[in-house]
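Subject: Handing over the structure for you to look through

Dear colleague,

I am passing on the structure below, and I would ask you to open it beside this message while you read. After it I set out what was found, step by step.

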Amino acid sequence: MDIMELRTRLEEAPRIPLGVWPTPFMPMDGLRARLSAEGIECPRLWIKREDMTPLGAGGNKIRKLEHVLAKARAEGADVLLNTGEVQSNQVVQTAASAAHLGIPCELFLGRTDPPLSEDDQETGNILLCRILGAQVHLVPPGADRGAAMCRRAEELKAEGRHPYIIPRGSSTAEGALGSLRCFFELLDQAQASGFTPDAIAVTVGSSGTTAGFLAGAHALALSGGPDIPLYAFDTFGTDYPVQARERIMAHAEECWASLALPGICGERLLRLSYDFVGPGYSRPYPGMIEAVRLVAQSEGIVLDPNYTGKSMAGLLDAIRKGAFTADQHVVYLHTGGLPALFAMRRHFA
């Protein structure tokens, strides 16, 4: 497999520019020093700042939406529909992209039971969605948000509109292409800094990001390049009907097939952990809180409580258990989500 040919195909895929690339790539020497002071053999740590994309409050979903919205535009969409929880990062990025492109947007957001806080339906990400002009439909806990969204799509069609339903997390074959582009961008930045990653750590939500990175790592290995294991930490647990490994591989295969790559995308380089979900999706626990505080106080970088706080808890656990040596380089992908902290502020007071 020729990697340059793959990258050319990737650049030729339909895309609407929404971001400013590349996003920053930084060492985490302060975090490494803190861990080393604990007597831990700590690898060189790096972070790719996908939280610093320009729309909304930042986040990696813009990568996926560049490709997903290109398809929506090609199909004549004049209103976007999307679903998630009240503190979803994806829906904020959808609302911001819709505002940027001048397309109306309707969001179907699930209430949590019990609530994250007394005002979790008014603060954080849901507040940003409203500021960005999205029409927000709140759905009761346990109700089928997808079905409500589909009913609304039929209503809009009856009015002569052309709604486009964006799947949860923008996790489609098109969306995974954005994550694959991010993988190669990260690789270029690492090589410009004088190394090839020995491992990359990612967060698993709807799984499109992990799928794109796995496709990239697999393609690189097949081309004769190095094996780069992907440490992936699930944040949904049993709160999602399809388990993480199945989600990741389904999206990775879709991405692989969409680029007409030979064979299948294997899972040999996937190191998937289910151990850091905590009590459930969007539910805090001490390990997540410790991870958010440690990174903030050693690097001045703020993670979020639903996704990156939990995956960082997983990475810290792997480091403390000796998964890496001091001469290795590990890159952490920061996917954004800071506004959700405000809906959980009592846990950080």
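Asp-119 and Arg-345 form a salt bridge, in which the closest N and O atoms are 2.9 Å apart; a salt bridge here is a side-chain nitrogen of Lys or Arg within 4 Å of a carboxyl oxygen of Asp or Glu.

Before going on, please keep in mind that this is a predicted model, in which local features need pLDDT of at least 70 and side-chain atom pairs count only at pLDDT 80 or more, while totals for chains, interfaces and linings use all residues. Residues are numbered from 1 along each chain as its sequence is written, and side-chain values use heavy atoms, with hydrogens and water left out.

The protein chain is assigned domain 1 (3-56 + 171-347) and domain 2 (60-170), with bounds that come from an automatic or database domain assignment. The contact between them, meaning heavy atoms within 4.5 Å, takes 46 residues from domain 1 and 38 residues from domain 2. The C-alpha centres of the two domains lie 24 Å apart. About 3,400 Å² is buried between domain 1 and domain 2, and carbon and sulfur atoms give 55% of that area; buried area is the accessible area (1.4 Å probe) that two parts lose on being put together, summed over both.

Across this interface the rule finds six salt bridges, and also 17 residue pairs in polar contact, both residues being at pLDDT 80 or more. A polar contact is a pair of N or O atoms within 3.5 Å; within protein, one must be able to donate a hydrogen and the other to accept it, and residues adjacent in sequence count only if both atoms are side-chain atoms. On the side of domain 1 that touches domain 2, helix H7 (173-192) and helix H8 (208-222) each supply at least two residues, and H7 gives the most, with eight residues. Helices (H or I, at least four residues) and strands (E, at least two) are DSSP runs, numbered from the N terminus.

**Salt bridges in the whole structure**

A search of the whole structure finds 24 salt bridges. In one of them the side chains of Arg-63 and Glu-50 meet at 2.7 Å, N to O. Arg-63 lies in helix H3 (residues 61-74) and Glu-50 in the loop between strand E2 (44-49) and H3, so the pair ties together parts that are 13 residues apart in sequence. Arg-63 is buried at 2% relative accessibility, and Glu-50 is buried at 0%; buried means under 20% relative accessible area, exposed over 50%, and partly exposed in between (1.4 Å probe, protein chains only).

Glu-66 and Arg-181 form another salt bridge (3.7 Å, N to O), which links helix H3 to helix H7 across 115 residues. Glu-66 is buried at 0%, as is Arg-181 at 10%. Both residues belong to a network of salt bridges together with Glu-11 and Arg-15.

Glu-174 and Lys-71 also meet in a salt bridge (3.6 Å, N to O). Glu-174 lies in helix H7 and Lys-71 in helix H3, so this pair ties together parts that are 103 residues apart in sequence. Glu-174 is partly exposed, with a relative accessible area of 26%, and Lys-71 is partly exposed at 33%.

With best wishes
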